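Dear colleague,

Please find below the sequence and the structure that I am handing over to you. My findings follow directly after them.

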Amino acid sequence: MAGGLSRRRLLSTTATLAVGVPVLAACERRDANPAPSATVAPQGLTFPPGFVWGAATSAYQIEGAAAEDGRGPSIWDTFSHQPGTIVDGSTGDIACDHYHRWAGDLDLMRDLGIRSYRFSIAWPRIMPTGRGDVNSKGLDFYKRLVEGLHERGIAPMATLFHWDLPQPLQDEGGWENRDCASWFADYAEVMFRELGAQVPTWLTINEPKTIVQVGYTYGSMAPGKRDAAAAAVAAHHLALAHGRAVQAFRAAGVGGRIGPALNLAPAYPAQTGADAQVELADGVQNRLYLDPIFRGAYPTDAAQFLGERPWAALQGVVRDGDLAIIGTGVDLLGVNYYNPVFVDSQGGNVTLKPTSIATWEQIYPDGLHDLLVRLNRDYPGVPLVITENGIPNAGAVDVAEGVDDPQRVEYLRDHLAAAHQAIADGARLEGYHVWSLLDNFEWAQGYTQRWGIVHVDFTSQQRTPKGSAAWYRDVIARNGI
C-alpha cells in the first residue's frame with residue numbers, strides 16, 4: 001500500500017516489533033545529525049585471484065511477458081493489480097521486457113566484464129498451475145538464456161524462487177500449506193533435470209525473511225497477509241521447501257553447488273542496556289533462518305523473540321524429521337546485505353546512519369564486514385557469496401544529460417572495501433553480485449526507485465549504462481578498487 005512497508009523495510013524492524021508487541025516506531029530517528037558511516041574505502045585493494053564479479057536480477061522484476069507463452073499467474077500478478085498495493089499503481093506486466101530483450105541484456109553484461117549472472121526462474125512460467133505439466137515454451141526461454149550466458153563467458157547462477165509463487169498454489173494455502181514444500185521440490189527436480197548440467201550454482205529460496213515478515217506479518221507485499229502465526233507457519237514450510245530442494249538436487253546427481261540466499265542484518269545496541277534486545281533482534285533477523293539450515297534446529301530463544309502465539313503455531317507444524325531435512329548440507333550461502341539494525345533498550349529500532357532514498361536502508365558498510373566475519377565464525381566451513389548489495393537512485397532522469405550516480409559508486413566502493421577487509425579477517429567470501437543489473441519493478445515501490453547500474457527507459461525500453469556501470473566495469477577489470 002502507498003503508506004505501507006516497502007520492499008525490505010522489515011530488515012529494519014526489531015524482534016519485538018516483528019511479532020506485533022507495542023514498541024517505539026520502527027523509523028523513529030533519535031539523532032537529528034546521524035554520524036556518517038565509519039568505513040572510508042581506501043584505494044588499491046586487490047581481491048583474491050578467482051574472485052567472481054557478478055550482477056543480479058529477479059524474474060518478476062524484469063521479465064514482463066506476464067501472460068505470454070503459457071505463463072500462469074503468480075501472487076505478484078494478483079497483488080500488483082489490486083488498487084492501492086503499489087505506490088505508483090504500476091505492475092510487472094512489462095517491466096524491463098527482458099523476456100524479449102534478454103540477448104541484448106546479456107550483451108550488456110558481457111561488455112561490462114560481468115562473470116556471473118544471478119537470475120531467478122519464474123515458477124509459473126515453468127508450471128503454470130504450480131504443479132503437474134511443464135510448459136515447454138517457458139522452459140525453452142531459460143534454456144536459451146543459460147546457453148546465451150555460456151556463449152558470452154558468463155556463469156549462470158539460478159535462483160529457484162524469488163517470491164513469485166503460482167497463484168493456484170496460493171489459492172490452496174500457499175506457504176501455510178505443508179504441501180507447498182513438496183510442490184516446490186517437484187518443480188526444483190524439473191529444473192535440475194533440464195538445466196542442472198548447464199547451471200553451476202543454484203540458490204533455493206530468496207529472502208524467506210522478507211516473505212515471512214513483509215508478506216505475512218505486515219501484508220505490504222504479496223500475498224498481503226497480516227497474521228504473525230501464519231507467518232511462523234510459512235517460515236517453517238519455506239525452510240522445509242529449501243531442504244527438500246537440496247535433497248532433490250543431491251538425488252539428481254548433476255554436480256554443481258546449491259544453497260539458500262538469505263537477507264541478513266547485523267544487530268547493534270543503540271544505547272547502553274540494550275544487549276538483551278539486540279540478541280532478540282538478531283534472533284528474528286538472522287538466527288531464525290540460519291540455524292535450521294546450518295545447525296538443524298531453531299534457536300533456543302525462538303519462543304522469546306517470536307512470541308507465544310507464533311511460536312506455538314510453528315511448533316504445531318514441525319514434524320519428526322523436518323529439521324534433518326532442512327539441515328541437509330549445502331555448498332554455499334548467498335548473502336543479501338542492505339543495512340544493519342540498531343536497537344534501543346526497549347527493543348525499538350533507531351536510525352543512526354544516513355539512509356538512501358529507500359528510507360529503510362541505513363548505509364553502514366562496516367555492517368557487511370561484521371556480518372561476513374560473524375558468519376565465518378558462527379557457521380564455519382560454508383563458502384559465502386554476496387548475492388545482493390546495492391542502493392537506489394530516484395526515478396526520472398534526463399539520459400541526454402548523462403546518467404551519473406555518484407552516490408551509488410561511493411556506496412559500492414565502501415561496501416567492497418568492507419568485504420575486502422572481511423576476507424583479510426578470514427571470511428570465506430568468493431564473489432559479489434551487485435543489485436541490480438537493470439532498473440526494474442521494485443515491488444511495492446513500483447518504478448519510483450531505480451536500483452540498476454543500467455538505466456531503463458520503461459517507455460522505449462532503451463538501456464543506458466550509468467556511471468556506476470563504467471566504474472564497476474573497471475573494478476572487474478582490475479579485480480579490485
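I begin with helix α9, residues 208-217, which is mostly covered: ten of its ten residues are buried. Those residues are Pro-208, Lys-209, Thr-210, Ile-211, Val-212, Gln-213, Val-214, Gly-215, Tyr-216 and Thr-217. Please bear in mind that the model is a predicted one. Just after α9, Gly-219 adopts a positive phi of about 75 degrees. The loop between α9 and α10 contains Pro-223, and the peptide bond that joins Ala-222 to Pro-223 is cis, with an omega of about 5 degrees.

Cavities

Rolling a probe the size of a water molecule over the atoms shows where empty space is left. The structure has six cavities of 30 Å³ or more, and the largest cavity has a volume of about 110 Å³. The lining comprises 14 residues, and Pro-208, Leu-238, Ala-239, Tyr-289 and Ile-293 lie nearest the centre of the cavity. Pro-208 is also one of the buried residues of α9. What is the make-up of the lining by class? Twelve of the lining residues are nonpolar, two are polar and none is charged.

Helix α11 is also the place of Asp-282. Asp-282 counts as buried because its relative accessible area is 9%, under the cut-off of 20%. Leaving aside residues up to four places away in sequence, Asp-282 touches Ala-267, Arg-287 and Arg-374.

Packing of α10 with α13

Two packed helices are described by the angle between their axes and the distance between the axes. For α10 and helix α13 (residues 308-317), the angle is about 35 degrees and the axes are 8 Å apart. The crossing of α10 with α13 is right-handed. On the α10 side, the contact is made by Ala-228, Ala-229, Ala-232, Val-233, His-236 and His-237. On the α13 side, Arg-309, Pro-310, Ala-313, Leu-314 and Val-317 take part. By class, the residues of this contact are eight nonpolar, two polar and one charged.

Backbone features towards the end of the chain

The loop between β11 (429-435) and β12 (449-450) holds Ser-436, and the peptide bond from Trp-435 to Ser-436 is cis, with omega near 5 degrees. Trp-443 is found in that loop between β11 and β12 as well. The phi of Trp-443 is positive, near 50 degrees, in a residue other than glycine. Is Trp-443 buried or exposed? With a relative accessible area of 0%, Trp-443 is buried.

Asn-479, in the segment after α17, is not a glycine either, yet has a positive phi of about 55 degrees. At 17% relative accessibility, Asn-479 counts as buried, because the cut-off for that class is under 20%.

Ala-477 lies within helix α17, residues 467-478. Ala-477 is classed as exposed because its relative accessible area of 68% is over 50%. Ala-477 and Gly-113 are 364 residues apart in sequence, and their C-alpha atoms are 7.1 Å apart in space.

With kind regards

Key
Residues numbered from 1 in each chain as written. Predicted model: local features only at pLDDT ≥ 70, side-chain atom pairs only at ≥ 80, totals over all residues. Heavy atoms only, no water. 1 Å grid on protein atoms, 1.4 Å probe; cavity = no way out; pocket = protein on both sides within 12 Å on 5 of 7 lines; lining within 4 Å. Points joined across faces, edges and corners; volume = space filled by probe spheres on them. Nonpolar A, V, L, I, M, F, W, Y, C, P; charged D, E, K, R; others polar. Axes fitted to C-alpha atoms, helices over the stretch in contact; angles between N-to-C directions. Helix = DSSP H or I, 4+ residues; strand = E, 2+ residues; numbered from the N terminus. Left-handed = near helix turned anticlockwise from the far one by under 90°. Contact = heavy atoms within 4.5 Å. Buried < 20%, exposed > 50% of the residue type's maximum accessible area, 1.4 Å probe, protein only.
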